[in-house]
Amino acid sequence: MASPTELRMDQLPSDPLLHILSFLSYRDLVNCSYVNWRLNELSKHNPLWKSLCSKHWLLMDVDRQKNGVSWYCLFKLYYSDLGRYIQYYPVLKTAWEQLKSFLQQKCPHIIASLKEGATEVELNDIEAQMRCRLPDDYRCSYRIHNGQKLVTPGLMGSMSLSNHYRSEVLLDVETAAGGFQQRKGMKRCLPLTFCFHTGLRQYMALESAEGRRIFDCFYPCPDLTAQDPAAINMFITGSCFSEWFTTYVNNVVTGEYPIIRDQIFRYIHDKSCVATTGDITVSVSTSFLPELSSVHPPHFFFTYRVRIEMSSSASPKAACQLDSCYWKITTSHGNVQGPGMLEEFPVMTPGKVHEYASCTTFSTPSEYMEGHYTFHRLANKEEVFKVAIPRFYMTCPPYREPMVQTQKTSASFTSRFDDHKDDGDSDGDSDGDGDGDDFGDLKGINMVALEGALCPRHM
């Protein structure tokens, strides 16, 4: 009986081996190169690394031709510089490119305010200055662009009412480090944005302390009822930098945030908030203003933007004029109904669009409004009809408050963050300032009802 023929690696055809290798990660591909001479040779096959360069570094043929090296060498070149960020780079680089492409068409002057990326040495020096490590997703984004110049309008969105204007700049890392907080109530918090007009800032927590989870992005909100000025509540805007930034970019490039007067306005439009009555369509978008809101006392400020449009196919005889509006507001207490205030009474003709912004405050963090407008025909003033205003919701971001505040409200409070009991909540306060590292309660939209809502007022 013939003995079985021994099959050696160097006798196997290349094509099936390369096909198998094409399913491996860059780490596994490198490990295969150490197995034997044949796999070492195959693992450096250019098409394998072309795919990995595209996946991790978003590189194309023009990038390889510019560097004049193989795909394998190009991958090593990028990895030696950006390897620690390989988990975040493709996502953040894509977000930046999408944002710049969109703004180049809509708001080119904002593009001009972006700064070149920071170097590894510069980021390391900032960490040494603050004596605190920066998260890798933050560092990765700042390697691509080091924030923007201190100009208006800011990259991170604007809001404008008749007597209030806000525009947030994405701070460069040097300016952010200068505002790094060590004070009680804001310990180890790094500013991400800044508004010249209101002083509003968003922060990122660089450690778990004082009711914050590490890497939380938030708007600080002082407790106006507390005796301790360091009592800070937080409106949470993201669980980490990459989520915070990419979510914002997605809202911009998908048109969720409108461009108004060459600025990004952070109104959120729910596609269901549209109602058509006859030839007239009404749509509503909303926004929460943290700089005008507080958790204690409960005061939540919202603005909403209404768009009224008459179809261009409507008959000229359908021309009409707005007379009044009527609102039904639903809160945790029930319903509040009554006439609303209008400052303009536009005449609507085929194809005409009328937009206006208004605002309202509530003592609960989630409510909704709906109602109707009353119009009369220009050709016959006796012909009066109603146009539906679709239901639209106003919900503030989730907020957290320090443990000391929650205990002030209820002495029997028990933290619901038991899954973080190893994050320092039983170690005491090593700094001796009484801040502690305990987490407070995360509040949602179904909190206990407080006081009734105020009727909308036009600004």
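A crossing of two helices is left-handed if the near helix is turned anticlockwise from the far one by less than a right angle, and right-handed if clockwise. By this rule, the crossing of H9 and H10 is right-handed. The structure is a predicted model, in which local features need pLDDT of at least 70 and side-chain atom pairs count only at pLDDT 80 or more, while totals for chains, interfaces and linings use all residues. Residues are numbered from 1 along each chain as its sequence is written, and side-chain values use heavy atoms, without hydrogens or water.

Helices (H or I, at least four residues) and strands (E, at least two) are DSSP runs, numbered from the N terminus. Two packed helices are described by the angle between their axes and the distance between the axes. Helix H9 covers residues 120-130, and helix H10 covers residues 136-144. Their axes come within 10 Å and cross at roughly 135°. Axes are lines fitted to C-alpha atoms, for helices over the stretch in contact, and angles run from 0 to 180 degrees between N-to-C directions. H9 and H10 are therefore oblique to each other. Angles under 35 degrees count as roughly parallel, over 145 as roughly antiparallel, 65 to 115 as roughly perpendicular and the rest as oblique. In H9, Glu120, Leu123, Asn124 and Glu127 meet Arg139, Tyr142 and Arg143 of H10. Contact means heavy atoms within 4.5 Å.

Aromatic rings were examined next. Rings of Phe, Tyr and Trp (its six-membered ring) pair if their centres lie within 6.5 Å; planes under 30 degrees apart count as stacked, over 60 as edge-to-face and the rest as tilted. The count comes to 29 aromatic pairs. The ring centres of Trp96 and Phe245 lie 4.9 Å apart with planes at 40°, so this pair is tilted. Trp96 belongs to helix H7 (residues 89-106) and Phe245 to helix H12 (residues 241-253); the two are 149 residues apart. Both Trp96 and Phe245 are buried (under 20% relative accessible area; exposed is over 50%, partly exposed in between, with a 1.4 Å probe and protein chains only). Tyr304 and Phe392 also form a tilted pair, with 5.3 Å from centre to centre and 40° between the planes. Tyr304 and Phe392 are both buried.

Asn146 is found in strand S2 (residues 145-148). Asn146 is buried, with a relative accessible area of 5%. Leaving aside neighbours within four places in sequence, the contacts of Asn146 include Lys115, Gly117, Asp172 and Glu174.
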